[in-house]
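User: Hey, can you walk me through this protein? I'm new to reading structures.
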Amino acid sequence: MAESSKKVLEKKGQGEYEFTAYGEFLSYFHAHIDIFKRLLKAKKMDPTKVDEVAKQIKSYMTGNIKKTDQFFEHLPQFATILGVTKEEVSAYLNSNFIEVLTKVQEKLKSQELEKLENAPAPSFTSITEEIVERLQVTHPKDFVFAQKGILMVLENPLTGEIIEPQGLMAASAKAALAIPAGADSEKEPVSLTEALAVANAPPTPTVKKQSLIPEKDKSILQEIVETFGEHLTGELLEVKIGPEVTDTPHLESSSTSSATKTNEEYEIEDLEFDDSSESEKGSGNTSVASDDHDDFSDDLGIEYEEEVPPAQAVDLNSVRLGNYSVKEFMDLVQTITTYQTKGDQVGYQNWLRSLSEFDKAVVSLRTQVLKEQKNEMVDWNSLFQMMSSKSELKPDVLKGIVKKIKNYQIVKLTLDRMIQEFKKGSPEFMQIVKMAWPHIQKSFYEVPNYPQVQNLLRGILSRVNGEAHKKEFSKIFSMALNFIQSKFQV
């Protein structure tokens, strides 16, 4: 690995130290060596021989394993060096790995923290060297500092390229140039130099906008004065409209009829207005309608509801725990048993890597439950804290998984005992058992819903011919249910 990746711990934003990828790998490396030493000592091997084999294992891992997930792929080679079977190595690792890894990581972390606390303060020959070392920032080649108005920028005199200030300097410049801080993410970020150029640019001449509304026409009197002012004498003007009036009656009637005809030809229909009473009535209706439609939500198709407080975030792993059934557990155990029977360690590791975090936790915690059932000590609190820190599973969820594993182990044990009881029956009885067994399993998968279990078992009994066989089934079913109910933790 590169020198920069040799750091074992790194400080996170909250000030806590966590293992780097190299630190994680290192803890796995030493945990495997420790476990292999324990295995050899358990076989009463001579201590000198144990150290010699441990050196061989260490040399092999150094040359062949570069990633954390590669340890499981080399179990056959480890078994050969240790002189034991692959199954024995695998079983020993499964039983002891989490405990040993936790201790190794605690020791490794304490050692590294002690090194960091006791490390001498670095010495620098100049303030520039200290700045570069601590900030890991260097001055760009060929760039010089240049003053651009209120901005201090880095400029390349050869290309004209400009590097604008960052961080607090940029924030101050934006505030001085009145650049909004929350710019739309889809828009290009505002350049400080461009904003400065705009701020210093001369004001653009104001151009009188042409109004779309025409100007009000001059009055006819004003236009007359402006046009004929020189010719006006001040005498009273007599304005005559139409032809000169005469005493001839028929001409008057003729002119009247002509005017009437003209008016008829160019008559424009009046706009129809309601009378005052109707107007008041309409006005009243309008006000009512206005009151009814002040809210435009009806027109827009929007339905306003009372504000509901936002729902709290759902922990999907807690939901998964609540839905985790006996059948899922049985299927998982069956898969593990199949890989163990075949001795397919590579296939098992590939399957394990494909599981979700929840199912991986079930596999790991089941190993610890089996270990505890052998009267071996398990520090559950430390185990929960360690697993929770490396996954999204909360300690309460991990505790719930352990509780379900212990309960479902009781169901599995009960089904195994039932098989032994069934085998005591006659060949004819065993033939009935073979046909009914899938349905019996399905019935007990409903635990702890005991009424449902009993209904399903009664359905099975109703199909059994012969009172003797029915009594035998009933006796075994009753024993099984009583045992589960006495051990199952609600």
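Predicted model: local features only at pLDDT ≥ 70, side-chain atom pairs only at ≥ 80, totals over all residues.

User: Ok, what secondary structure does the chain have?
Analyst: It comes to 20 helices and five strands. Those are DSSP runs numbered from the N terminus: helices are H or I with at least four residues, strands are E with at least two.

User: And how much of the chain is buried?
Analyst: Buried residues make up 29% of the 490 residues. Buried means under 20% relative accessible area, with exposed over 50% and partly exposed in between (1.4 Å probe, protein chains only).

User: Which residues have the most contacts inside the largest nonpolar core?
Analyst: Leu-365, Ile-401, Met-418, Phe-422, Ile-440, Phe-444 and Phe-473, in a core of 59 residues. A nonpolar core is a set of buried Ala, Val, Leu, Ile, Met, Phe, Trp, Tyr and Cys residues joined through side-chain atoms within 4.5 Å.

User: Which helix gives the most to this core?
Analyst: Helix 17, with 11 residues.

User: What does Ile-401 touch?
Analyst: Leaving out residues up to four places away in sequence, Ile-401 touches Leu-321, Phe-358, Ala-361, Val-362 and Leu-365. A contact here means heavy atoms within 4.5 Å. Apart from that core lies another of 27 residues, among them Phe-25, Leu-82, Phe-97 and Leu-101.

User: Switching topic: at what angle do helix 3 and helix 4 cross?
Analyst: Roughly 105°, and the axes of helix 3 (residues 75-82) and helix 4 (residues 86-118) come within 8 Å. That makes helix 3 roughly perpendicular to helix 4. Axes are lines fitted to C-alpha atoms, for helices over the stretch in contact, and angles run from 0 to 180 degrees between N-to-C directions. Under 35 degrees counts as roughly parallel, over 145 as roughly antiparallel, 65 to 115 as roughly perpendicular, and the rest as oblique.

User: Which residues meet there?
Analyst: Leu-75, Pro-76, Ala-79 and Leu-82 in helix 3 meet Lys-86, Val-89, Ser-90 and Leu-93 in helix 4.

User: How do helix 13 and helix 14 cross?
Analyst: At roughly 155°, with axes that come within 9 Å. They are therefore roughly antiparallel to each other. Leu-332, Thr-335, Ile-336 and Tyr-339 of helix 13 make the contact with Gly-347, Tyr-348 and Trp-351 of helix 14.

Key
Residues numbered from 1 in each chain as written. Heavy atoms only, no water.
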